[in-house]
Amino acid sequence: MHTAGGRPRPPTIHDVAREAGVSRGTVSRVLNGGRNVSTAARDAVEAAILRTGYVVNRHARSLITGRSDSVGFLLTEPQERFFEDPNFNVLLRGCTEALAAHDVPLLLMIAGTEAERRRITRYITAGHVDGVLLVSSHSGDPVAVRLREAGVPLVACGKPIGQGTKVSYVAAADRDGAREMVQYLLSLGRRRVGTVTGPLDTPGGVERLAGYREVLAEAGLGADDRLIANGDYSRASGEAAAERLLAEAPDLDAVFVASDLMAQGVLAALQRAGRRVPEDVAVGGFDDSPAALATQPPMTTIRQPWGRISAEMVRVLLAQIGGEDPAAVILPTELVHRASA
């Protein structure tokens, strides 16, 4: 198969049909889901596709189906956060792999400013992707609202604050994970347990702080605002928060940190202050990201099931693209014991 200029010509649907010994219509039905096609014909077409190296012309198919056959991975954070926080890369890789099983490409989109969010929203609502996997959405973030109003299939990572049941989401059990970590720190005999929160306009930040407060209240220790410092999930914010905790509560003997990356910063601040971990201060993180293994000592943490989160986000989104109603999935977390606590 060559063009007039002698260059190899890409195989076409007609080549597949000839190779498989079936009609072009049969090949088309196989490519569009296999309805009303016998098992023998489908097997013959799939074998012919492999032999010829045929690749679906997505542009041509989109003209027929009205779909782009692609999905957007939208991160509403500044670009530098994508490269700093390992959770985003783990989630992106998992979603890419889950979509690959359906032969659907994933487009990475980063919108850290209002101008970028407006531009990307226009791109998405113009039909360039069939649906969106939304990551790190803050309360008041207009992207989810705009996409939902435009009828774009959407699945958020984490329960969107203030969106009720109108937006599909997949989340780890943030509050339960925080409770388990704080209960564990108390079981070690620690009584001045501080916390470094995530952003309090995100579901993880809100839920993990709530779990921390609940366990302390149940233990009769009450709330002490000097033991609570806010962070933004970055390493630098964890370090600054730990410095505030040490200044306001020098008798601190444990810290629950709402992300492993922030926990790296906490360890740096404790080391600089001459506090031994875990002898003087026990430290527990959240995520079980690669950052947890990069600390010294290695981080005791709460594991989020990133593989399942990715797979469920893709499953729920594809179902929604196919016409199903919004859905919510909450997955359990797990305490992982290492040397920091």
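Author: Phenylalanine 83 is exposed, with a relative accessible area of 63%, whereas phenylalanine 82 is buried at 6%; here buried means under 20% relative accessible area, exposed over 50% and partly exposed in between, using a 1.4 Å probe and protein chains only. This is a predicted model, in which local features need pLDDT of at least 70 and side-chain atom pairs count only at pLDDT 80 or more, while totals for chains, interfaces and linings use all residues. Residues are numbered from 1 along each chain as its sequence is written, and side-chain values use heavy atoms, with hydrogens and water left out.

A pair of aromatic rings is described by the distance of the centres and the angle of the planes. Rings of Phe, Tyr and Trp (its six-membered ring) pair if their centres lie within 6.5 Å, and planes under 30 degrees apart count as stacked, over 60 as edge-to-face and the rest as tilted. By this rule the count comes to 2 aromatic pairs. Phenylalanine 82 and phenylalanine 83 form an edge-to-face pair, with 5.2 Å from centre to centre and 80° between the planes.

Another ring, that of phenylalanine 286, has the charged end of arginine 208 over it, 3.9 Å from the ring centre; the rule for this asks that NZ of Lys or CZ of Arg be within 6 Å of the ring centre and within 35 degrees of the ring normal.

Aspartate 287 is buried at 3% relative accessible area, and aspartate 288 counts as buried at 16%. Aspartate 287 is found in the loop between β9 and α13, where helices (H or I, at least four residues) and strands (E, at least two) are DSSP runs numbered from the N terminus.

The loop between α13 (290–293) and β10 (301–303) holds proline 297, which is joined to glutamine 296 by a cis peptide bond with omega about 5°.

Threonine 195, in strand β6 (residues 193–197), is buried with a relative accessible area of 2%. Leaving aside neighbours within four places in sequence, the contacts of threonine 195 include Leu209, Tyr212 and Phe256, where contact means heavy atoms within 4.5 Å.
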